[in-house]
Structure formats: C-alpha cells, structure tokens
Amino acid sequence: MTQLTSIPQAIIAPELSWVGLALLLPLLAAVACALCCALRVKGKAAAIITILALAASFGIIVKAYFAYTGPVQVPIFQWIDFEWGAGQFQSFNANCALYIDTLTLFWMLFVTGLGTLIAIYASEYMEGYCGSGYSRFFFGICIFLFSMSALVMGDNLIMLYLGWEGVGLASYLLIGFDYARPAAVAAGKKAFIMNRIGDLGLALGIFMLWANYGTLQYSELFAAMNKGGQTSVDWDLSVIPFLLMLGAFGKSAQIPLFTWLPDAMEGPTPVSALIHAATMVTAGVYLIARMYPFFELHPEALATVAWVGGLTALLAATIGMAQYDIKRVFAYSTISQLGYMFLGLGVGTSFGACYHTLTHAFFKALLFLTAGAIMHGFAGQLDLRKLSGLRHIPGWRIVSWTMLVGCLWLSAFPYTAAFFSKDAILLQALTSVRADFRFLGWLGLFTAALTAYYTFRVWFRVCAGPLHFEPGAEAHSESHDHHAPSTHAAHTTAPAAKSDHSFHPHAPRWAINGVLLILALGAVVVGVPAYNQAFAHKDNWAQQMIAGSSAMQGAGLAEDHGSQASVEHPKVLGMDAHTGLTIVGCTASIGGILIAWYFHLGSRKSADQLRAALLRRWWIRWVPICMENKWYVDEIYHFCFRLPMWLGSQILYFADRHFLDGVMVDGLAKIPIAVGKLFRPLYGGALQGYASTMAGGIALVVAWLSWIWLRGFN
Amino acid sequence: MVPTIFYAACAIAAAGLALLLMQSGKKFRMGASILGLAGIAWILVIIIQKIPTPASEFGPLGLMIFCAFISVASAVRVITHHRPVFCALYFVLVVVSGAAIYVLLSAEFVAFSLVIVYAGAILITYLFVLMLAQQSPADIGSADAVDYDRIAREPAGAVIAGFVLIAVLGGSVFSVSEQKAQSILDQNRAVRLGWNDLSMMPKLLLEQARRTDPTVTAVVARTDGQMIAVQPDHSAIISVQRADQTTTTDLTLAPSLLPENTSRVGMALVTKFPVSLELAGIILLMAMLGAVVLARKQTDIADDDRRTLAGMGKVMDDSLAGPQKANR
Amino acid sequence: MNQELSSGFTIASSAPIAVALAISALLFVIGLVGFLCRRNMIIMFLCTELMFQGAALAMIAFARLRMDVSGQVFVIFILTVAAAEAALALGLVVLLYRKRETLSADAWSDLGES
C-alpha cells in the first residue's frame, strides 16, 4: 500500500498564476450574471456566460493537471498581512495564493467538470424561470463555483474558510431560490444555521492551529508536521482534530448535524445534484483529507471519524428505505455515502474515501439529474408510489436507462466503479487490527445491502413495471388545457395516456439528455483506474493522485493499519481479504437488488403487506415507524435545542414586554401623563385661565427668588 | 417688624380691591373704596417712614403722593367700572397723573410724549374701537351694561395672585439694609454722566462755552484726549481756543450748564441705542402691515379657489375623480 | 422746570423714588388683576396698557435713581411697542367681534381640552 514518507515541500511558482483564472472566471461570471439580473435579461445570457466560464475553468484545471510536476504554491496577491513583532507568533498572513498538489487537482477536476455539465443541464431545466430568477440562479451557481474553487485551491486555511462560508452562502441562496415557498425558505435557514454550528468548530480549529503553529499556510503547517515532535497529547493540540471534524460534519451532513441535507432538497434539482450531492458536501471530506496529518494529534480522533461515518451511513440508509420522495431517498443515500467516505478516512484509507468521493460525485449527480428530469416532466411529481413504468414512454428511455446506471453504481453492483471504491474502504476497515473498525466494516457491508435495496426500490417503482403516473402539484400551471385534474386514473398504455389525457409529461430535450449520457459515461470512466488495478495490475490513477498529497501522510497511521494489512494478508471469512470481500460485497449488493425486485416489481402488494405485518406486531412496530419518521432526529433536536431556546426567548420576551417596556418605559411615561392630568384644569381654554396660571407662576418664582435673596443678605 | 406691617397693609389694600371687584351695593362699595385707599395710604406711609426725607423734599414728595392717589384710584376705577367707555376715560386719568409723576422724576420729555401718545393717540383708538363694537342700547336692555362687563371672573384669586407679587417684592426690598439703598444714589456719577453727554454734543458744548465766555471760537480736545475734565465741585474744565489767542486755554463750566434732560434723551437715543431705534421703527412698520392685513375683508375660500386665484391648476384627486367617471 | 431739579441735585433722599416705585408696582398689579378679572376683550387690553404704565413708571424711577437717561429711552421704546400692540390688538378685537358679535373673551375658548 503506502509507505511512510514526508509530505513533499511545495515550491513557489509564480509563473503558474494563470491557474488563478479558474478562481477568477466564475467570479467574473457571477458579476455578469448579477448584471443580467439587474438589467432583467429575459433570455438565457446568464446560462451561456456561466457555462462558458465554467468550461474555461475546467479547461484551465485540465491544463494545470498536465502541467503538474509537484506541489506548488502560486502567489496571486497579498491579501491579509499583519506583523506586530519579529517573533514566530507575531505575524499573521493569509495571501490570496493557490496551493496546487494532486489532491487539489483531483478535487478541482470533478468540481469544475460536474459544475459545467450541471450548468448545461440547468440551462434547460430552469428555463421556466426565464426572466424571473434565471439569472439569479446562475449567479448562485457562479458564486458557488468560485467559493468551492477557493476552498479547494486556497493555500491557507483562511482561503479555505472564505470558500467554506461562500459555499454555505451559495447553498443558502440556492436552497431558498424559490423564496415564495415557505418550505424552501425554512430549509435554507435550517441548512445555514446547522452549518453555522459546524463552521464554529472549523473557526475554532483554525484559531487553535494558529495559536499552536503560528501560521495557517499549508506548506508551513506541513513542514511543521514533517519535523515531528508535535504528537504530544496536549490539551489544546489534541482538540484541533475534533474542532476541524465538527466543521467537516456540519458541511458534509454527518450524524450530529445531518438533518439539513434532506430538507435542502427544496432547492432546484441541479442545485441538489451539484451542491448537495456531488461537490459541496464533500468539502468535509476534503478538509479532513487535506488536514490528515493533524488528525493524529489525538489517538482517537480518526476513530471518532470512523464511528460517526459508519453510524451515519447505517442511519441514513435505514431512513432512506422508508421514504417515498425520490429526491429524499437520494438525499439520504448521499448522507449514507458520505458516511462511507468518513468511515474510509477514519479507518485510514484516504485513498478509498477520495476515490469514493469521485465515483459518488458522478453517479449521485446522475441520479439527481434523472430525478430532476422526472420532476421537470411530471409537474413536480416525486412520489415513487405515483410513478411507474416510465421506461415505456418514448422520450423517457434515456432518463430511465441512465437512472439504472446510477442505481447500479449506487448499490455498488459488482465491477462498477463504486464497487471498487466502496471495496477499498470496507477492505481497510475489515482488515484493521482494531476490532471496532472490523465491526464498522461489517456494519458497512450491511449498509451496502440496505443501499442496494432502497436504490432499486426507486428504480423498480419508477422506471419498471406497468405504466402509470399522476402529475404533481405544478400541473395546474404547466397544463396547456383549460382544466387540470388533480387525480388521474391508471393508464396502462402509453398512446392512450398521450392522446386523450389532459396531462402530457414533456420529455427532456438535448441539454438534459446529453448531460445524463455524459454523466453515465463518466460514471463508467471513473472506474477505469480501478479496472487498471484489478485486471491489468497497473497503478491506480486515483491512488497516485492521493498519495502525492498531504492526505496520505498520516505519520503513524499507515504504519498502524495500512502496512500491516499488506504485510500479514489478513483473512476475511477464512479467505484472502480481497476475494472474501468481493464475494461478500457482491452478495450484499445483488441480494439487496433481488429483495427490491421482489417487493417492488415482482409483487408490489407484498411490500404493503410486509409493512402492515410489521406494524401489527408491537415488538417490531417501532422499526418502520421510526424509519418513516427519520428516527425522530428532527423532533429530538426540536425538543432538546429549539424548545428550550423558544422557552428562553418567551421568558425574555415576557420580561422585555412587561418589565422593560411595561414598567421601565411605559411606566415612566405614565408619570408625566399623570402630572399633566393634574394640571389639565388650568388649561380650560379660557384666556384668563392661561393668564392666571402665568401670573401665579411668576408670583411663585419671584417669591422663591426673593427668599433666596433675603437669605443671602441677612 | 417692617415686613410684617407691610404685608398687613398689602392685605388691607388687596381686600379693598377684591371687595370692589365683587360688585355689591353702593354703600358697600364706598366702604370697600375707603378700605382699599387706607391700605394704599398705609403702604405709602410705611415707605416714607422708612426713608428719612429732608424738609426741602416735602414739596415734591407731597405732590408725588397726591399724584399717586389719583393714579391708583383711577386705575382701580379702570378695572372696576362697568362701562368700557368710562374705563378708557379713567385710563386717561391714569396716564395724565403718571405723566405728572414723570415730571416730578425729571423726565419731562417722556412725560409729554406719554400724554401725546397714550392719552392722545392710543386712547382715542381704544375709544373708537369701543364705539365700533358697542352693542346697541336695545340689546343692553334695562341694565346699564352687558353681563360680561358687570361680573368679574374670580376676583379673589386674581387679587391674591397680584398682591402676593407685591408683598414678596416689597418685603424683600424692605429687608435690604438702608446703607445699601442709600449707596446706590451717586451724585458724582450723575454729574459725570451729564458732562460726558455734553462732551458728545460739540455744538451744544461750544454754545455753553460761549455762554461762559463769548470770545471762545472753538472747543478742542484736552491733552489726555478727553473733551471734559470733571471737577470735585461738579464744575467742568474744557480746553478752548479764543479769537485773540493762538494757544488753547482752559475754561471752567459751571454745573448749571449741564445739558437738559430732553437733549440728553435725544443724544442717548441716537448714540447709545441706534439699533434699537431702527428696530422700533421696524416694529411700527410691521404693526402697520399687520393692521392692514387684519382690516382686509376676511373671507373663507376653498383650496381650489385659492389655487385658481394664484394662477395654478386645480388638483385632480383620483379618489374623487374615479366615481364620477364611473357614473358617466 | 427748575434747573437744579432737572440736573438732579436737590433730591438728596430717595423717598419720592420709593413712592414712584410703589405706584408702579400697584399699577402693574391692578392691571394684572384687571386682566384676570375682566371679560371684555377691549378692557383686557386696556389692562395690559395699565401694566405697561407700571413698567414704564418703574423705568423712569430707576433712571432717576441712577441718574441715567437710558431708562427714559427704554420708556420711549415701551411707548412704541405699546402703540404697535394697541394697533394690532384692537384690529384683532374688531375681527373677533365681527365673527362672534360679542366682546366677551369667553366666546373664544376653543383651545380648551374639555
């Protein structure tokens, strides 16, 4: 596997500053989109600008990949530069500079590539919003791409944090894109606030890093790590990985902070595909991979990551099994797959985690985009009970079959790319010397079976079976007829459905179909490195990419787990680890698919019967109920955090209303009113009333003055 | 104790005034008048007792007390008489007796202007307006005056407020030690101010110098830059040029050559208070303009008409215009 | 008028001045009482003139006391203001009389709250 080497020292290469265009172009495109927005451009100018900028950005990254020779640091301009002394901890600088190593390029390749493809997809998908938010949408996309590029390419943690917050902002803006819908607004707020909790951890982690190392630049931090001697478990050193971890968990929707991601599906589907499936949510994986050496500052830090990842994978998979909304199923599958990535990072295979990120980015973007195409065509219908047999409708074949590709990949069907990437993670876990990691490995295999089941539950329900569909709630606005029925009877034949029915699903056109095909192709292609390794016994490209960066440099870690695994060839079920895992993995995947086939294609009634049977038995009833209600996590959070806060705010509101306002403000104001009432009879409107008041007042003043005067004289 | 006695005198005068305002029978009013006059007399006696007066002063003092009684009594009649015309006429009496007191206080110019302006001009205006606004005898009926002229409003309260003012002021004045009150009067200062005023009037100064010595051709500044040097015996020395001499010589002016009150007032008016004089003129002008505006026929005109008169278009109110269009 | 009196030599004591001040105070207070008691608007303005008289007399008395003509100049200004005030006030009274056909001040109490 890997051997223990020091992180290569980055050289400063100002001549590579053209790579900065990858950062600049999305920003310029964002400005242009904002201008389109301000000028109320009705056409698709914003989409064209965005697609061109992102494609150029992708081209630059590809060029940078071919020009790559070793880790480089590309200064662009001085950004933050403070110095208040000569010592080590007496300066603070964070320049706008790029740190380009293989991990950066690995990430940027799929971020910009998928960004371009999804922008093309969105140019057709969002055309209903032309003139009313179309430019705004692409503005959000550009801001996202800029932020994500800054996050990945920045040469210091401040740049990373800038990008981190920028993607959070873009996510918020795009989830709440349709701000007229309260659900979208609430989802946007939820995502933003939950991310704040994680961001607090990240910010504190960055503070701690500076406090301990006096710098935030990767190259200097890694140099400090290379020197060693930092492994002492000091309180403020060992807290760094946990703080960084909290940030990663927030952004990547892991267990304490995962509830925002399913709700984020309120955003437009391209956003779900790009931000909430393929790229932004992998920022947590990137952060941990980038800061991998620092996770040894505490011996249990990576174990925590592994446990959180494994448990999240299982939990999200169980919830995903019981959801009916296609996008929500995919959202939970995203959380589950991210859990796998964290499991991989935790058990020590950053290669497995990063490779899984890559494969996941393709097949999950593909799945979301097919779901989006269905939603687009069927007027917002996403309930998998109300859609069936779509592959029979002409024009929907590409969607159906590319969705099948996505589902196969997601369920880690043998010899797909995802099979290999998941295999890398589970192999590392199962061959670990730690028993709890091995347990997590078996848990991951069980989860893989669940994944295969719920994935194909979707496909068998939606694309296979007899033709039947009901349009969604948006049918009223999209229908061309005078009358849009709210419910539809089953239609068994496609021509009948098309000819005499008021609702016509409109099939996707070239932009959506083309992108789906390219993504399906991409999902196949990302398997090539694994095929190379498995069949041609060549080097795995992805592994090379990861190995050349900081992600592989766990100083003591590779020794503990990885090298041991390669030396002793531990067994899985009495067989060679690779063979055994392949057999078990294939069994899990195919078993899950077969179960899904039985319940959701073979005899659909039996699924309901099973559910009813489970609900009848009191000792097992809680399982379906909890799964359908997402294990009540939202409710628990509501009860533990929102309710006390709400109560506190009510108490403060009461105090403010009745004490501050009631007593202090209004009460004080009542005094002059009362005094005024006392004197009101003096101002009855009669002229002499005023005059006598004046005379009396003068008499009083004169009496007082003369009294003072007399006292002074005598 | 003097203040206590003074307060008692004030109380008696106040009681008399209050009773007069209460408007009862004729005998009652006589008694009230006597009570009030007694109170005022007592106040004056207290004051005169308080200040030692040389025998030579008895003449002016007696005159002043006489005028005081006329003035106060007619003032009381102004506020108690039922018929406004008589009130105005009593006010003339107040002004005239006041002018007499002014003369006794050596302010002749102001005294005469007071009579001219007040008794002559202002009071005529008052009478004119009274005639203008008087109800016809038919309206008045058998009573000699309308209700609002006969019945006073809360006389007791008003009198208390007024006389408390007098009591506290007078009481405090009486508490001041006599030395302090005496020291305020500074003869030397008066003479110095008088000569100073004269020095600012070169023509009059030359005239006074000629009256002393007919050969004087010009008065020149003295060596210390001043025109006049005041002597301790209240005479003054000035430098003059004579027709038969080339050098300047000193000339002593007797105190009797001090300028008259009227010329001093005129001088002060134009030298010390020129801005106030201008402002007084502006006030009079404004009053004239105001009177013109008030005298114009007051008619209530609507905003639209006002806009039309000013040459502006009418304001189109949509909320009003809407229904009209709908009706059409 | 006696030259000595006018130039201020013979009145050695201030008794006449004190009497004049007492009269001025009494005139002022009687004017005030009248203003408060009478209901006829013209008489009320007449009472303010009475108060002016009191104030003017005090000015003259103090001018005599201080041997300074400024007090007399102030009285001239008081006369000016009184004349202006009389012109405007009487104009207003005529106006008000035209509106309500009465001189009673009670007819004009619209500013009252109750």
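The model is predicted, so to speak plainly, local features need pLDDT of at least 70 and side-chain atom pairs count only at pLDDT 80 or more, while totals for chains, interfaces and linings use all residues. Residues are numbered from 1 along each chain as its sequence is written, with chains lettered from A and ligands numbered from 1 in the order in which they are written.

**Where chain C meets chain B**
- Contact here is a pair of residues whose C-beta atoms, placed from the backbone, lie within 7 Å; 72 residues of chain C touch 92 residues of chain B in this way.
- On chain C, the elements giving two or more residues to this side are helices H1 (3-7), H2 (15-37), H3 (41-66) and H4 (70-100).
- H4(C) gives the most, with 22 residues.
- This side of chain C holds 51 nonpolar, 15 polar and 6 charged residues.

**A helix pair in chain A**
- Helices (H or I, at least four residues) and strands (E, at least two) are DSSP runs, numbered from the N terminus.
- The axes of H16 (417-430) and H17 (435-462) of chain A come within 7 Å and cross at roughly 145 degrees; axes are lines fitted to C-alpha atoms over the stretch in contact, with angles from 0 to 180 degrees between N-to-C directions.
- Among the residues making this contact are A:Leu426 of H16(A) and A:Gly444 of H17(A).

**The sheet in chain A**
- Three strands form an open, mixed sheet in the order E1-E2-E3, where pairing takes at least two DSSP bridges.
- E1 (11-12) and E3 (91-100) are the edge strands.
- E2 (72-83) runs antiparallel to E3(A), joined by 9 bridges.
- A:Asp81 stands opposite A:Asn93 in E3(A).

Conventions. Contact = placed C-beta atoms within 7 Å. Nonpolar A, V, L, I, M, F, W, Y, C, P; charged D, E, K, R; others polar.
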